[in-house]
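Here is a friendly look at a few side-chain contacts and surface features. Have the structure open as you read along.

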Amino acid sequence: MTTVERQEELAPRAERDRVPPKAFWWTCAITVMIIAVSVVISSRLLQSWSRPVPEGASGAARADAEMGLVEQTLILTTRRGLDQQAKQRESLQTFGWVDRPHGIAKIPIDRAMDLVADPAFMRRSVGPELLPGGPADRGDPPDGGEK
């Protein structure tokens with residue numbers, strides 16, 4: 001046996017990439033059946049979960065809307081909750097004193113955001129040493145002296 005014949009004998013034989021049609025169609029049919037059964041089971045479960053529980057049947061008991069002094073409903077759906085939300089919204093949109101002797105006032109939230117976004121106002125009110133990029137960010141002492 002020559003070297004060439006020996007190399008041909010030991011060389012791997014490549015087969016065509018081919019899936020047998022019968023196995024392919026059986027796999028497709030089984031996959032479709034599994035999907036169909038899953039859809040039927042999930043739709044039945046969804047229907048059973050969405051059915052109302054008949055009166056007197058066992059199941060999760062629902063609490064009363066009010067137990068003693070504690071109201072169990074969502075606060076934003078009650079009159080008291082809606083009134084509280086309206087008061088809070090009004091408070092965010094008005095001027096007023098928080099602590100007059102100490103000079104602490106409140107201003108509308110929109111105006112406060114405009115002032116904070118204004119660099120000139122921030123330099124005047126806070127001072128350059130506390131602004132981003134100021135001496136505190138660079139590591140310089142606020143008084144301008146040496147470390």
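## Side-chain contacts and a nonpolar patch

Arg 79 is exposed, with a relative accessible area of 58%. Bear in mind that this is a predicted model.

What does Arg 79 meet in a salt bridge? The partner is the side chain of Asp 83, at 3.2 Å from N to O. Searching the whole structure turns up one salt bridge. Both residues sit in helix H3 (residues 79-92), where they are four residues apart, about one turn of the helix. Asp 83 has 35% relative accessibility, so this residue counts as partly exposed.

Phe 24 is partly exposed at 40% relative accessibility, while Trp 25 reaches 56% and counts as exposed.

Finally, the surface carries a nonpolar patch of about 440 Å², made by Val 37, Ile 41, Leu 45 and Trp 49. Val 37 belongs to helix H2 (residues 21-50).

The accessibility values for the residues discussed here can be set side by side:

| Residue | Relative accessible area | Class |
|---|---|---|
| Arg 79 | 58% | exposed |
| Asp 83 | 35% | partly exposed |
| Phe 24 | 40% | partly exposed |
| Trp 25 | 56% | exposed |
| Val 37 | 48% | partly exposed |

Key:
Residues numbered from 1 in each chain as written. Predicted model: local features only at pLDDT ≥ 70, side-chain atom pairs only at ≥ 80, totals over all residues. Heavy atoms only, no water. Salt bridge = Lys/Arg side-chain N within 4 Å of Asp/Glu carboxyl O. Helix = DSSP H or I, 4+ residues; strand = E, 2+ residues; numbered from the N terminus. Buried < 20%, exposed > 50% of the residue type's maximum accessible area, 1.4 Å probe, protein only. Patch = residues over 30% accessible without salt bridge, like charges linked within 9 Å, V, L, I, M, F, W, Y side chains within 5 Å. Areas by Shrake-Rupley, 256 points an atom, 1.4 Å probe, with all protein chains shown as cover.
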